[in-house]
Amino acid sequence: MTRRPILAIAYDFDGTLSPGSMQEHSFIPEIGEDKEAFWARVNGDAARLKADNILVYMHEMVKAARKQGVRFRKEDIQRHGARVGFFPGVAEGWFARQRERGAAAGLDVQHYIISSGLKEMIEASAIGPEFAAIFASEFKYDANDVPEWAAASVNYTNKTQFLFRINKGVLDAGDHAAVNRYVPEDERPVPFRNMIYVGDGDTDVPCMRTVKEQGGVSIAVHPPEDAGLAAKTAQLKADRRVHFTARADFTEGSGLDVYVAAAIEKIAAVERLTALERD
Ligand SMILES: [Mg+2]
């Protein structure tokens, strides 16, 4: 039996699968700060220093925990990950449903995360085991599992490199040679036309555009009852950066579910046609 063609669904995390930012679910409350003050300090420092926001928030997490005498080791980061909540349907069958749909249409549906958040938190969250790979920011830890430096920071521009890693099947983020090696389009394990990207916009525009322009499907989601963010995603569609906008409702039969089901059917049909052409 030949391997089934892969269909990759790549998701942003914060604001896409989970409301707000992952730091707001339990870390920021634990350091006794309110989220507005925390993010104002991060964004203020980043602007003043012309620094990368992601590196600054990672440093602020370490500093704030130390200042408050709150434990902040790898296991604490995982503990905060386990407390992250999700939009409706995300943790109730979404991932398995798309895999089953794909399998019925002859595809191997794989789920991926590309996030500026913390990898350990996503891995330890309720949906961590669903992903073929999680590309996200990471700390470098000392011998006691205390963060001592940033090991990887994923921001809006470098998010796109992970699409190329999925495209070329180079999932080891430490492998810099293979991802840059020339591979003819038709020999890449996951062609862009077999990709669906789901994001909420903030850091996702380059990924949404890349997937859409290369023949895949891009979808912008917004929290179910948020008119302001709905307007923002509508603008992304008006600017032709995404094919669809939808409420972040991952339950069966929601608008988002219908769009993804249709994308799976389309991708399966293209794969069947391509296979017939090869025969
Ligand atoms: Mg987001």
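Predicted model: local features only at pLDDT ≥ 70, side-chain atom pairs only at ≥ 80, totals over all residues.
Arg3 sits in the segment before strand S1 (6–11). Its C-alpha atom is separated by 33 Å from that of Leu118, a residue 115 positions apart from Arg3 along the chain.

The domain assignment divides the protein chain into domain 1 (6–20 + 87–278) and domain 2 (23–82). Over C-alpha atoms, the centres of domain 1 and domain 2 are 25 Å apart. Contacts between them involve 20 residues of domain 1 and 16 residues of domain 2. On the side of domain 1 that touches domain 2, two or more residues come from each of strand S2 (108–118), helix H6 (119–124), strand S3 (131–141) and strand S4 (147–152). H6 provides the largest share of this side, 5 residues. By class, the side of domain 1 that touches domain 2 comprises 10 nonpolar, 7 polar and 3 charged residues.

Nonpolar side chains tend to be buried together in soluble globular proteins. Here, the largest nonpolar core contains 70 residues. Ala8, Ala10, Ile113, Met195, Ile196 and Ile219 touch the most other members. Helix H3 (residues 53–68) gives the most to this core, contributing 7 residues. At least three residues of the core come from each of domain 1 (6–20 + 87–278) and domain 2 (23–82). The contacts of Ile196 were examined with its neighbours within four places in sequence left aside. Ile196 is then in contact with Ile9, Gly216, Val217, Ile219, Val260 and Ala263.

Key
Residues numbered from 1 in each chain as written. Domains from an automatic or database assignment. Contact = placed C-beta atoms within 7 Å. Helix = DSSP H or I, 4+ residues; strand = E, 2+ residues; numbered from the N terminus. Nonpolar A, V, L, I, M, F, W, Y, C, P; charged D, E, K, R; others polar. Core = buried A, V, L, I, M, F, W, Y, C linked by C-beta atoms within 7 Å. Buried ≥ 20, exposed ≤ 12 C-beta atoms within 10 Å, placed from the backbone.
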